[in-house]
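Trainee: May I ask for a close look at the charged side chains of this protein, and at how they are placed?

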Amino acid sequence: MNIVGISAFYHESACCLLRDGRLIAAAEEERFSRIKHDPGLPVRAFRFCLEQGGLDITDVDALAYYELPAEKLGRQLWAGVPEGASPDLAWLDPAQPERALRERLGWDGPLLCFPHHLSHAASAFYYSGFEEAAVLTVDGVGEWATTTYGRGEGAALTSFAEVRFPHSLGLLYSTVTSYLGFRVNGGEYKVMGLAPYGTPRFLPQMARLIQSGAGGSYTLDLRYFDFLRGRRMYSEDFCELFGAPPRHKGEEVTALHRDLAASLQRTLEEILLEKVRLLHGETGGENLCMAGGVALNCVANARILREGPFRRLFVQPAAGDAGGCLGAAALAHRALTGTRPDCGSLAQVALGPRFPPPRIAALVEATGLRAKNFSGREAELLESVVDRLAAGRVVGWFHGALELGPRALGQRSLLADPRDPGMRDRLNRLVKKREEFRPFAPSVLLEHAAEHFDLDHPSPFMLETCQVTSPIALPAITHVDGSARPQTVDPALLPRYAALLAAWAHRTGCPVLLNTSFNVADEPIVCTPEDALFSLGTSGIDSLVLEDFVLDREELPENWGDLLAAWRAAAPASPFGRGRSAIQENLYTFV
Ligand SMILES: [Fe+2]
């Protein structure tokens, strides 16, 4: 049975293919369209999933959609027409998502829609490998629910309590994110990264914004929020409460901003811990599953695991709305077969496109760029990468299938020496072009993880923080509070990446590398080798490993900048960056 799961029309559109309950393919639309957080219909990701499964659309048994459009519209109408809403009123049509799915994907078969938070819950429980577990979902908002408490056992998955819009931990976090001058649905990581620099001196004010109630409930004091009207997230009362105007993008980050971030993060952690304890009181058991955008808060996750009552925690790596398609597909499988999908325990998320060596070789040849070919000589390839890392170079590492979710995990990664005290600032300034305070995460060989981090279990998806305990100074991946967000690398799952870490450890005695996502500035993570090649020419990346090929920036032709400028000029201008794909399609014609 082939089921295609789809999440779309809010942010982070994505698609997946579940065949007989097994996950075959999954990818976010942004990786193909090159539009960050692409909210549109995931046409390209849909095509990719069919191609990966070797399917024609007639081979698909059902589409599974990650939310209930009519219920969502009901909530939107309750909140009132937001300022700036499209005047064509198309958004008022609850049939619009289904019509788009049918007309634009050419689908005339069964379409099953599931509640947004049930899709989140299923994306965690059915992929956790747990036979039974408590399930917590927390996000901004779905249809009405913003937090749900439930339980999974075998094929059964039920929710027994929920918090409803407008009361929302996700919207609280996003409101403060917005007040601090960062982008809602994307800037929340920055607030989490900023928090350890501050002192949580605004806890009394936070207690006025949100009040934890009996059981799983909590309420926001709506005097302080303006998101119901859609003009902005926070109200004038909110600004008065903190005694300062909102920070605008690009303005200095002050002590007030740091302290507010710290206060928000502490408040979130405390409420989540309290609710997880209550959830355990209802469900018992040792296993907890989490999904929803708030479950990407790896600092809170670490506290839930360390201080909470559950012994094991599985967080869906694509915990945001992209991962909703995984849950919807699993729910459709259960609905159509009456059985639990055989997803097992999600061990890795390299579920996107991969590009075979001949394709890479043809690209390198077509561009005429100087590249070293290590085909069939992996040990030499890895030594050459280690040479570059040891020389302080930033290496773009492109290998295997693109990862699903916000983290690069050794397929589309930028790698660097974590021992280099200047590396964090250099990466933030020249490559990622982002705020100086933002930390970078490490990858560590699984067998050596406990020697360098206070971690006693695998953490393959960078979803929890822990203290750095390494005897080696690792300033580039150690946050200001001594923590890090490691990825443990299992050679059985990621053989070439593990071999690189082993070669690096053999040379330096350090089995840890800095690993950040292979993207520059605010672009999506690279998908194709063309994307990666483009990044080599437009950012501070020093070297690029395209599968078996190694390219160095200083060996690019002298007129490389002119060529890139010509590609840019040839691409149609667009405020959304849609020109990028056109630029890349022109790659061959200009070289
Ligand atoms: Fe969500």
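Mentor: Of the 591 residues in the chain of this predicted model, 59% count as buried. The radius of gyration is 23 Å, which agrees with the value near 25 Å that a compact globule of 591 residues would have. Along its principal axes, the C-alpha trace spans about 65 × 55 × 45 Å. The chain holds 21 helices and 22 strands.

Within this setting we may turn to the charges. Side chains of opposite charge can pair when their charged atoms come close. In this chain the count comes to 39 salt bridges.

Consider arginine 99 and aspartate 93. These two residues form a salt bridge in which the closest N and O atoms are 2.7 Å apart. Arginine 99 has a relative accessibility of 37% and therefore counts as partly exposed. Aspartate 93 has a relative accessible area of 25%, so aspartate 93 is partly exposed. Another salt bridge joins the side chains of arginine 232 and glutamate 236, with an N to O distance of 2.7 Å.

Glutamate 270 and arginine 303 meet through their side chains in a salt bridge, at 3.2 Å from N to O. This pair links distant parts of the chain, for glutamate 270 lies in helix α10 (residues 255-283) and arginine 303 in helix α11 (residues 298-307), 33 residues apart. Arginine 303, by contrast, counts as buried because its relative accessibility is 18%, and buried means under 20%.

Salt bridges may also share partners. In this way Arg370, Lys372, Arg388, Arg393, Asp552, Glu554 and Glu555 are joined into one network.

On the surface, Asp20, Asp56, Asp59 and Asp61 form a patch of negative charge. One of them, aspartate 59, is located in the loop between α2 (43-53) and β4 (62-65). With a relative accessible area of 35%, aspartate 59 is partly exposed. A residue must have over 30% relative accessible area and no salt bridge to belong to such a patch.

Terms used:
Residues numbered from 1 in each chain as written. Predicted model: local features only at pLDDT ≥ 70, side-chain atom pairs only at ≥ 80, totals over all residues. Heavy atoms only, no water. Patch = residues over 30% accessible without salt bridge, like charges linked within 9 Å, V, L, I, M, F, W, Y side chains within 5 Å. Areas by Shrake-Rupley, 256 points an atom, 1.4 Å probe, with all protein chains shown as cover. Salt bridge = Lys/Arg side-chain N within 4 Å of Asp/Glu carboxyl O. Lys, Arg positive; Asp, Glu negative; His and termini not counted. Charge placed at Lys NZ, Arg CZ, Asp CG, Glu CD. Helix = DSSP H or I, 4+ residues; strand = E, 2+ residues; numbered from the N terminus. Buried < 20%, exposed > 50% of the residue type's maximum accessible area, 1.4 Å probe, protein only. Rg over C-alpha atoms; globule rule 2.2 N^0.38 Å.
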